[in-house]
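Look at the structure first, then read on.

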Amino acid sequence: MSAPIRLCLIGAGRAGKNHARAVTRHVPGGRFVALVDPVAAVRADTATEFGIEAQFDSLEQALAGAEFDAVVITTPTPTHTPLAVEAAEHGKHVFLEKPMAISLEECDLIIGAAERNGVALQLGFMRRFDPQFAAAAQRIEAGEIGQPMMIKSNTHGPGLPPAWARDLRTSNGMLAEVNSHDWDTVRWLMGSNYTRVYTEVANFKGAANNVDTPHFYDNALVNLKFESGGLGQISGICPCGYGYDGRVEIVGEKGIMQIGELKGQAIVVCTDRDQGLISPIFKTWPERFQWGYIYEMEHFTSSIQRGTAPRVGGAEGRWAVAGVLAGTRSFLEERPVTLKEILDSVARV
Ligand SMILES: NC(=O)c1ccc[n+]([C@@H]2O[C@H](COP(=O)([O-])OP(=O)(O)OC[C@H]3O[C@@H](n4cnc5c(N)ncnc54)[C@H](O)[C@@H]3O)[C@@H](O)[C@H]2O)c1
C-alpha cells in the first residue's frame, strides 16, 4: 500500500472540521499533517481534536514550514482563488470546497494554475459520491427512466449560514453557499447544461435573526431550461428550521426517480395512537452526507496516488458558479437570464 497523501487543511471552521473527521476516521489514504487558520483558538482546537501536528497562520507559512502533498481548502469563498492558485503554483494538489469562486474569471485562474502545474483539482461536490445519488446517476445514465424531462432539486438547511456566507458583498449568497450542490446535481443528472434561469427570492426570517444586509434572502426558487429541452427547478431555504433536507425528483420519458428522503434513520416509534408515528429527521449536512464526504476524500487521495484526474473538477465548479451568477442577476434584475449572457461576459485572464 502506498504511503498516505500528506494533507494541509486550510480553514478550521465547519467544513474543515468535517473533512478532518472524515479523513482521520475513515480514509487511510490521507493524513492531515498541517493546519492553517488565522484564528489561533479555532486552529488549536481543531489541531488537538484531530491530532494535526503543525499549525500555521497562513498558507505561505505552511509552505515554508511543513512538507505536504495536497491542500484541502475550506475557507470563506472570497479566499478560494488566492489560496488555490498559490497552492497549485507550489505543486500541491488541490481539494477546493464549493462554491469554486466568486466569479468565472477567478475560476479560470484556478483551472489555469492547476493545469499549468499538473496538479489535481477536485471540487467539494460530495453529492456525486453519496451512495444514493451515485447509484441514481448510474441508473439514469443506463436509461432506466428514459430521457430526463424534468428535475427538482432542493437544499433546505436548518440554521442561518455564517455572516460572510449570506452577504452578497462577501459571497454570492444562499444560491452559492447552499444551492451550489443543486446547480451541480441538476446538470449532472439531466446530462445537459442549463441555458436560461429565472429566480424569485423571499426574506421571511431575516428580521427575526437580526440580518439587515442588503438583498438578504432566505428562500429562493429557480426555474431552469436545459440545452436538452428539459426543465428544472432548484429550491433553497436557509434557515428552514425543521432539519437538513436535500432531495431530488427526476422524471424521464419512461418513469420517475426520487433520490433521498427526509427520514434520517430507519426508526419509527409510536407511543400514542393520537400522536401517530414519530421518526428521526436528518438534522445536519454532515449527518445526511456523511458517506459522500468520506468517499469524496477517498477519491481525492486515491486520484493523487494513481495519478488520474478527479472526476469532479474545475469545469463542474465553473458551471455551478455560472448558474449562481445567472440566478443572482435574475432576481436582482427581475427577469430571466441566459447562461450565454453570463458566459459571454467573462473577461479573458
Ligand atoms: N460541501 C459542503 O457541504 C459544505 C458545507 C459547509 C461549508 N462548505 C464550504 O466550505 C467553505 C467554508 O465554509 P464554513 O462554513 O466552514 O466556514 P466557517 O466560517 O465555519 O470557517 C471558515 C474558516 O476559515 C478560516 N479562514 C478564513 N480565511 C482564511 C485564510 N485565508 N486562510 C486560512 N483560514 C482562513 C476562518 O478563520 C474559519 O475558521 C465555504 O466555501 C463553504 O461554502 C461546504
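The ligand is surrounded by 26 residues, with Arg 14, Ala 15, Asp 37, Glu 177 and Tyr 293 the closest; a residue counts if one of its heavy atoms lies within 4 Å. This is a predicted model, where local features need pLDDT of at least 70, side-chain atom pairs need 80 or more, and totals for chains, interfaces and linings use all residues. Numbering runs from 1 along each chain as its sequence is written, and side-chain values use heavy atoms, without hydrogens or water.

**Ligand contacts**
- Arg 14 has a side-chain N or O atom 2.8 Å from a ligand oxygen (a polar contact is a pair of N or O atoms within 3.5 Å).
- Asp 37 places a polar side-chain atom 2.6 Å from an oxygen of the ligand.
- For Tyr 293, the distance from a polar side-chain atom to a ligand oxygen is 2.6 Å.

**Ligand surroundings**
- The shell holds 13 nonpolar, 8 polar and 5 charged residues.
- Domain 1 (5-126 + 292-309) and domain 2 (128-291 + 319-344) both contribute shell residues, so the ligand lies between them.
- These domain bounds come from an automatic or database assignment.

- The largest cavity has a volume of about 40 Å³.
- Its lining includes Pro 161, Arg 166, Phe 216 and Cys 238, with lining residues having an atom within 4 Å of a point.
- That lining divides into 5 nonpolar, 1 polar and 2 charged residues.

Definitions and conventions: A polar contact is a pair of N or O atoms within 3.5 Å; within protein, one must be able to donate a hydrogen and the other to accept it, and residues adjacent in sequence count only if both atoms are side-chain atoms. Ala, Val, Leu, Ile, Met, Phe, Trp, Tyr, Cys and Pro count as nonpolar, Asp, Glu, Lys and Arg as charged, and the others, Gly among them, as polar. On a 1 Å grid over the protein atoms alone, a cavity is a set of points where a 1.4 Å probe fits but cannot get out, and a pocket is an open set with protein on both sides within 12 Å along at least five of seven lines; lining residues have an atom within 4 Å of a point. Grid points are joined across faces, edges and corners, and a volume is the space filled by probe spheres set on the points.
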